[in-house]
Amino acid sequence: MQLKRLEIKGFKSFADKTVIDFTDGVTAVVGPNGSGKSNIIEAIRWVMGEQSAKTLRGGRMHDVIFSGTDSRKAVNIAQVTLILDNSDKFLPIEFEEVSIGRRINRNGDSDYFINKESCRLKDIVDLFMDSGLGKESFSIISQGQVEAVFNSKAEDRRAIFEEAAGVFKYKLEKEKAERK
Ligand code: ATP
Ligand code: MG
């Protein structure tokens, strides 16, 4: 499975529709401080189901919406779409190409999409959880996270490995069943 394309509109510093095509090999993003490099990674985290506004450096989730600059009015909707090449069927879904989308407005209302069809947040989270690509997995390593692995408690570290190994989802379901 490979990232093919990321489309960002109204998310953080990206007021206009911005499209990033990922070609084969490594993609590096370079630019001056504050130009939006980290915001690109946050767009990917967000569309994959991130629920913590803090992880996205905001207070409330709708803080991800472009809030305007001196020369540009704020917008009311943030939308991110991530297109993945799934020809190797890495994700447990029929399609060769999978798009996942997320949209939020200033009321805080969120919509989620798989292949342009409306879905639940859970559908997106489940899609990635077992692939080792979940939002908490170390497929996305942000600043300070390497240190956090070494400094974490044994059980927290275990959870990281369990998600990477694909058993974390079953553990969550077991715990949920036991609470019922
Ligand atoms: P550095 O090299 O310092 O890590 P960076 O390229 O990673 O910088 P980001 O942190 O991605 O930069 O971008 C920060 C910029 O995004 C800031 O200028 C900030 O004002 C802007 N920004 C963040 N959230 C919003 C928002 N909701 N609306 C408008 N601009 C925003
Ligand atoms: Mg940064």
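Two strands are taken to pair if DSSP finds at least two bridges between them, and helices (H or I, at least four residues) and strands (E, at least two) are DSSP runs, numbered from the N terminus. By these criteria, strand 1 (residues 2-9) and strand 3 run antiparallel and are joined by seven bridges, with Val80 in strand 3 as the bridge partner of Ile8. The structure is a predicted model, in which local features need pLDDT of at least 70 and side-chain atom pairs count only at pLDDT 80 or more, whereas totals for chains, interfaces and linings use all residues. Residues are numbered from 1 along each chain as its sequence is written, while chains are lettered from A and ligands numbered from 1 in the order in which they are written.

The chain has five helices and six strands, which follow one another along the sequence in the pattern β-β-α-β-β-β-β-α-α-α-α. Its radius of gyration, taken over C-alpha atoms, is 17 Å, in agreement with the value near 16 Å that a compact globule of 180 residues would have; the globule rule used here is 2.2 Å times the number of residues to the power 0.38. Along the principal axes, the C-alpha atoms fill a box of roughly 55 × 40 × 40 Å. Of the 180 residues, 18% are buried, where a residue is buried if 20 or more other C-beta atoms lie within 10 Å of its own, exposed if 12 or fewer, and partly exposed in between, with C-beta atoms placed from the backbone. Among the contacts with a separation of 6 or more, 51% join residues 24 or more positions apart, a contact being a pair of residues whose C-beta atoms, placed from the backbone, lie within 7 Å.

The six strands form an open sheet with the order 2-1-3-4-5-6 and antiparallel pairing. Strand 2 (18-21) and strand 6 (117-119) stand at its edges, each with a single partner strand, so one side of each is left without a neighbour in the sheet. On average, neighbouring strands are turned by 20° against each other, direction ignored. Strand 1 is joined to strand 2 by four bridges, and Leu6 has Ile20 in strand 2 as its bridge partner. Nine bridges join strand 3 to strand 4; Ile77 is partnered there by Asn105, and Thr81 stands opposite Gly101. Strand 4 is in turn joined to strand 5 by five bridges, with Ile114 in strand 5 as the bridge partner of Ile100. These two strands, strand 4 and strand 5, form a hairpin with four residues between them, and Gly108 in the turn has a positive phi of about 90°.

Helix 1 (residues 37-47) lies across strand 1, strand 2, strand 3 (77-85) and strand 4, and runs at about 80° to strand 3; axes are lines fitted to C-alpha atoms, for helices over the stretch in contact, and angles run from 0 to 180 degrees between N-to-C directions. Helix 2 (residues 121-129) also packs on the sheet, where it touches strand 4, strand 5 (110-114) and strand 6, its direction making about 45° with that of strand 5. Within helix 2, Ile124, Leu127 and Met129 are buried, and the buried residues of this helix pack against strand 4, strand 5, strand 6 and helix 5 (168-179).

Arg102, located in strand 4 (residues 97-105), is buried, with 23 other C-beta atoms within 10 Å. Apart from its neighbours within four places in sequence, Arg102 is in contact with Trp46, Val47, Val80, Ser110 and Tyr112. The C-alpha atoms of Arg102 and Ala43 are separated by 9.7 Å, although the two residues are 59 residues apart along the chain.

Positive phi values occur in residues other than glycine at Arg57, with about 60°, and at Lys116, with a value near 70°. Arg57 belongs to the loop between helix 1 and strand 3 and is exposed, with 12 other C-beta atoms within 10 Å. Lys116 is placed in the loop between strand 5 and strand 6 and likewise counts as exposed, with 10 C-beta neighbours inside 10 Å.

Ligand 1 is surrounded by 14 residues, of which Ser13, Asn33, Lys37, Ser38 and Asn39 are the closest; a residue is near a molecule if its C-beta atom, placed from the backbone, lies within 6 Å of it. The shell around ligand 1 divides into two nonpolar, nine polar and three charged residues, where Ala, Val, Leu, Ile, Met, Phe, Trp, Tyr, Cys and Pro count as nonpolar, Asp, Glu, Lys and Arg as charged, and the others, Gly among them, as polar.

How values were computed: Contact = placed C-beta atoms within 7 Å.
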